[in-house]
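Let's take a walk through this one together, starting at the ligand and then moving on to some helix packing. Have the viewer open as you read.

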Amino acid sequence: MAGTTHTLTLIPGDGIGPEVTTAVVSVLDAAGVSINWERHDAGLVAFETTGHTLPAKLLESVTRNTVALKGPCTTPIGEGFTSVNVGLRKALNLYANLRPVKNLPGVASRFANVDLVIVRENTEDLYAGLEHVIVPGVVESLKIITEAASTRIAEFAFSHARREGRRKVTAIHKANIMKLGDGLFLDSVRAVSKRFTDVPFDEKIVDAVCMHLVMHPEQFDVLVLPNLYGDIVSDLCAGLVGGLGVVPGANHGAGVAVFEAVHGSAPDIAGRNVANPTALLLSAIMMLRHLGETDAALSVQAALDAVLMAGQVRTRDLGGTASTTEFAGAICAALASPSSSTIG
Ligand code: NAI
């Protein structure tokens with residue numbers, strides 16, 4: 001609710017996480033939103049101080065506050081360190097990952113008129129992390145698909161489409177090969193579609209959809225996918241509108257929401273103050289809407305759009321030379337003086 005002080009959990013994360021979260025917090029501050037941040041480390045940093053990658057105090061904080069803003073967390077490849085991101089989603093039952101992918105004003109990309117939403121199932125599939133060595137040289141990774149989780153994500157996708165007045169929902173699958181697993185996912189989405197007859201529905205095979213997305217992305221609207229396809233197709237879609245630096249996301253569960261960008265901790269550019277904070281800022285705008293801070297969401301969006309349109313202050317991924325701090329500073333200046341920021 002506007003006018004109240006919100007107590008929210010802030011998870012800075014690893015790599016570029018602390019840089020982009022600091023930038024976003026400065027913008028929300030400049031927008032005049034009253035937030036009391038409870039800061040909690042996760043991942044390697046938390047492990048070094050508490051012995052846990054997901055400390056109980058962090059989970060208690062998110063459960064109590066019901067809303068968190070999260071930077072990316074590194075998951076080292078190989079054995080011995082399970083993903084903090086997957087762990088957080090499982091621990092808080094954040095079953096729906098919502099990722100709007102839309103052209104931004106002034107940001108050049110291969111396509112115009114991209115305006116789609118990825119709804120990714122967040123709790124099962126190959127992300128269940130159930131793998132074992134059968135005999136040396138042979139590994140089995142278990143893909144878990146349940147009717148309950150598939151129905152729940154389909155209901156989320158259709159409800160979102162109806163509430164936001166979207167054009168259609170497309171189920172993405174590989175049921176021609178994984179007849180039981182993806183077949184169950186597809187049958188569950190089909191069953192839910194019959195309860196939402198006002199929302200047009202179609203279905204596509206995941207490999208074909210990748211080809212169609214890179215040729216005619218404007219034909220897609222809400223995509224509902226099992227976990228792994230959702231992960232891969234999200235990055236593909238980010239590439240349609242300017243890259244990982246500009247695509248936001250939200251993880252929703254029953255009464256709890258964690259807002260985070262699609263991108264990871266970007267170790268290749270971490271610590272250099274060059275990361276683009278736009279993706280996390282757009283996630284924060286989604287968070288403001290969720291909190292009922294509609295005016296603040298609109299003014300932050302307008303300030304971001306104005307800075308991007310003006311084109312003078314841009315991070316390297318968008319062809320500019322500005323640092324993370326300079327870009328955030330330009331948005332804060334645009335918030336302080338809305339009309340002057342549109343001069344390009
Ligand atoms: P990544 O998304 O971190 O980076 C991929 C490429 O995009 C890199 O070249 C990076 O420099 C660039 N990039 C990403 N975000 C950017 C930004 N805001 N501004 C400018 N350039 C940006 O993916 P990668 O390298 O596969 O993963 C790195 C780590 O992040 C891994 O440990 C992975 O597990 C973790 N990860 C965490 C996620 C999360 O916390 N939700 C999501 C995805 C990956």
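How many Å separate a polar side-chain atom of Asp-268 from an oxygen atom of the ligand? In this predicted model, the gap is 2.8 Å. The protein covers 70% of the 810 Å² of accessible area that the ligand has on its own.

Ala-266 puts a backbone N or O atom 2.7 Å from an oxygen atom of the ligand, while a polar backbone atom of Asn-276 sits 2.9 Å from a ligand nitrogen atom.

Now for the helices. Here are two packed pairs, with H9 covering residues 278–290, H10 residues 294–310 and H11 residues 324–336.

| Helix pair | Packing angle | Axes apart |
|---|---|---|
| H9 and H10 | about 160° | 8 Å |
| H10 and H11 | about 120° | 9 Å |

With angles over 145 degrees counting as roughly antiparallel, H9 is therefore roughly antiparallel to H10. The crossing of H9 and H10 is left-handed.

What about H10 and H11? Their angle of about 120° makes H10 and H11 oblique to each other, and the crossing of H10 and H11 is right-handed.

Notes: Residues numbered from 1 in each chain as written. Predicted model: local features only at pLDDT ≥ 70, side-chain atom pairs only at ≥ 80, totals over all residues. Heavy atoms only, no water. Polar contact = N/O pair within 3.5 Å; in protein donor to acceptor, adjacent residues only side chain to side chain. Areas by Shrake-Rupley, 256 points an atom, 1.4 Å probe, with all protein chains shown as cover. Axes fitted to C-alpha atoms, helices over the stretch in contact; angles between N-to-C directions. Helix = DSSP H or I, 4+ residues; strand = E, 2+ residues; numbered from the N terminus. Parallel < 35°, antiparallel > 145°, perpendicular 65-115°, else oblique. Left-handed = near helix turned anticlockwise from the far one by under 90°.
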